[in-house]
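Thanks for coming. I will go through one model this morning, starting with confidence and then moving to the fold and the contact between the chains.

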Amino acid sequence: MSKRSRIRAFLFLSFLAAFPAAYAQTADANPDFRKILTLIDERSTFPKIDFSAVVQMKTTDPEKGDSDEKSAFFRRDSLDAFLILQLEPSTKKGQGMLLVSDNLWKYDPVSRKFSHSSLKDNYGDSAAKNSDFRSSSKAKDYKVAAASSGALGKFDCWILELEAVRDDVTYPFMKLWVSKSDNLLLKAEEYSLTRRLLRTSLFPSYSKLADKYIATRSIFQDGLVAGKRTEIIITDLSVKALPDDMFTKSYLEKVGK
Amino acid sequence: MNANRPSRNAVASLLLLASLIASPLLAAQEANSSESDDELFGDAALVTVPTETAKDIAGAGFETSKGLLFGGDLSLVQSVDLWNGNLSQAKGMRTQNLGLNFDARPSDSFRVYGRGQYTMTSAVMDGTFSIQELFADVSWNRTVNLRVGKQAANWGVGYWWSPADILSLSAIDQSDPSARRAGPVAIKASMPIGLNQASIYATTDATDNIDQIGLAGRFEFVLGDSEFGLGGYYRRDGEVKPRLVGTATVKFLGVNWYGEAVGSFGSEVPTVGFASGSPVVSTSDEFFFQGAAGFTWTATDQEKRWNIVAMGEYYFNGRGAEDAAAYADHRAQLLGLVAGGALGGSDLLGYGRHYAGLYASAEDLWSSGLGLVAEWRSNLGEASGYGRLVAAYEPVADFRAEAGGEIHYGPDGGEYVFMNGTGEAGYAVASLRLWTRTTIDVAYPLYGEGARPRLTLVVSGRF
């Protein structure tokens, strides 16, 4: 083979070798972002099984003081239901919250009364929202308005800018950092209608149960109150079936202090 | 001591208070550190697979407890008149009490709970002890739940007035509507049916004959995001008259609406007639209607520029006095009937036909710590009422200052005028929380009988 032929062959082989990489780069640059959102939702939703855990919530709030709470958490996504029952501190023990579909009840063991409230409310005085405890529905609630590549610590990420397609969502605009390697949601910035940053959420630790991913450490930083942040640690994860009576007002009253 | 000037001790107390106020303000300025993104996401091992998932909270005896758990609540209030040094219990909604409770849950189907309360009626802590709750819970196959003993039973949905709350032993305290209220000695059986719930009660207060047992039943059901309740009460001996009860909570136009209606076949509560010119106490066997309707509306700006709460309620009392002014005109004679035992003290409250209440608050406007609270309640028939307008400043968690005024208005002897035991009308209050459970108030009523500055120490909390 002549030198020119060898050069041609090398260039051809180089092109062939480069093509999959180029193809992969093209595919990598244009994944179906809606599928990524759907995957995030599906991985954190339990349509056929129950989910329970212990939730430790530490809030640092320079305005209203710090708090450290522990709750029992039970979720049944087939009913769109969850139950949160406070275990600590003793001053709040027995307080509980039950969501079933669009009905959200809070139980006060002192007055022994139930009251309705909005899913959009903050959870207590924390930076977490009641909706943070519900199953994720980002693919249904938002459209991807823009996407780019970036990095978060050691992770290469897709940075997705979302716009709400429904009026009843907690945040009209969101910006998500999703790891490219395994499509895990690592960070979210949540914005108001005027595009003011309301909250930054960080999810630096996950546990895998069956084919589901649970953020076992979440940090919510308030964008409006400097220094206010809530850290949630989830332990004692389980996907064992829960009793049917657990998602009733009667149960909340029974286990309340 | 000169009665017209604050004592030296009082001045010293104020200076001490001012120095204490400064400390949380300084503490709040401390920097808050948090981890950076690089620190949080510096480890490539993001996902772990838990090795032990059998340790689920539901299966680990979460509903049971080992032995007895004790708890309680305490409210101590001591007030000093800064003008003359006299000690007293603060008047108004702040009462002194010590509550102690125990809770035993040997299994997930059996529980015993009790709570007693010592209520102090004087500055030297004289008082009375009462059992607020003492019951056992038994659950059958997680389907039927029995509660046997003295228990709270809140049927109503009203905030200031709740005629549907027919089992509680006292009416709502309008100055503290969320306070706990004692209920009857009863056997309650409840059964959840999906999100709905059926309950039946057999109330046994002061019973030595089966005819004295009151029977009550209630069915609560959910339709969409609304909840309804239907119930009734019957007692064979007729000492407590039969009633039919309906309640509803409905979300509509972004507002939570509630309503309750009661039809009573007579009344065991004495009413007073004035046809002969002097008060005559009687009860009635005629059917009458009571109803309350109201709303709660909350609006929070996402950017925390404002947070508004508004509430309103109207109450119609079909057994109320037809001559709206008669109770006020005959107040002295009515007090004589109370002293003689023909009427209870509570019979001189809620005797009107038409009542209304409004509440509105806006807190932490534009993150300034400034807020406004307005409140009004009235016996509309006799035109007596209570109003309060307060501006508040709460720059940090442990300090709150209020300035404003309140008024009890109406005819002499009117319901809301009579409620005002202190004669205080306008006031300024600065509150400092020393720890989460201790508060010091410096209050300066502006005019009225008790218009002298006072310093109040409040220790309250649950444990």
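In chain B, the element with the lowest mean pLDDT is helix α1 (residues 8-27), at 36, and the one with the highest is strand β16 (residues 354-362), at 96. For the record, pLDDT is the predictor's confidence in each residue, from 0 to 100, and helices (H or I, at least four residues) and strands (E, at least two) are DSSP runs numbered from the N terminus.

This is a predicted model, in which local features need pLDDT of at least 70 and side-chain atom pairs count only at pLDDT 80 or more, while totals for chains, interfaces and linings use all residues. Residues are numbered from 1 along each chain as its sequence is written, and chains are lettered from A and ligands numbered from 1 in the order in which they are written.

Staying with confidence, chain B has a mean pLDDT of 81, with 84% of its residues at 70 or more. Over residues 1-33 of chain B, pLDDT stays under 50, and the model has 29 contacts beyond four places in sequence for that stretch. A contact here means two residues whose C-beta atoms, placed from the backbone, lie within 7 Å. Where pLDDT is low, the predicted coordinates should not be read in detail. For the complex, the predictor gives an ipTM of 0.75 and a pTM of 0.81.

Now chain A. It has 4 helices and 13 strands. Of its 257 residues, 37% are buried. Buried means 20 or more other C-beta atoms within 10 Å of the residue's own, exposed means 12 or fewer, and partly exposed is in between, with C-beta atoms placed from the backbone. Of the contacts in chain A with a separation of 6 or more, 45% are between residues 24 or more positions apart.

Next, some backbone details in chain A. The peptide bond between E88(A) and P89(A) is cis, with omega about 0°. P89(A) sits in the loop between β3 (81-88) and β4 (96-100). R195(A) is in the loop between β10 (185-191) and β11 (197-209), whereas D236(A) is in strand β13 (residues 229-238) of chain A. Are these residues buried or exposed? R195(A) counts as exposed because it has 9 C-beta neighbours inside 10 Å. D236(A) is buried, because 20 other C-beta atoms lie within 10 Å.

On to the cores. A nonpolar core is a set of buried Ala, Val, Leu, Ile, Met, Phe, Trp, Tyr and Cys residues joined through C-beta atoms within 7 Å. In soluble globular proteins, nonpolar side chains tend to be buried together. The largest core has 57 residues, and those touching the most other members are L83(A), M174(A), L176(A), V178(A), L185(A) and L186(A). Leaving aside residues up to four places away in sequence, L186(A) touches several residues, including L152(A), F155(A), W177(A), F203(A) and, in the other chain, F41(B). Another core, of 12 residues, lies apart from it, with A152(B), A153(B), I166(B) and Y201(B) among its members.

How many residues of each chain take part in the contact between them? It is 49 residues of chain B and 53 residues of chain A. On the chain B side, α2 (37-40), β1 (47-48), β6 (127-140), β8 (185-193) and β22 (454-462) each supply at least two residues. The largest share, 3 residues, comes from α2(B). By class, that side has 18 nonpolar, 18 polar and 13 charged residues; Ala, Val, Leu, Ile, Met, Phe, Trp, Tyr, Cys and Pro count as nonpolar, Asp, Glu, Lys and Arg as charged, and the others, Gly among them, as polar. β11(A) and β1(B) run parallel and are joined by 2 bridges; strands pair if DSSP finds at least two bridges between them. S207(A) has T48(B) as its bridge partner.

Last, the hairpins in chain B. Strands β12 (residues 243-252) and β13 (residues 255-273) pair antiparallel over 10 bridges, with F252(B) opposite V255(B). Their hairpin has 2 residues between the strands, and L253(B) in the turn has a positive phi of about 55°. β13(B) is also joined to strand β14 (residues 280-300), antiparallel, by 14 bridges, where V272(B) partners V281(B). That hairpin has 6 residues between its strands, and G277(B) in the turn has a positive phi of about 100°.
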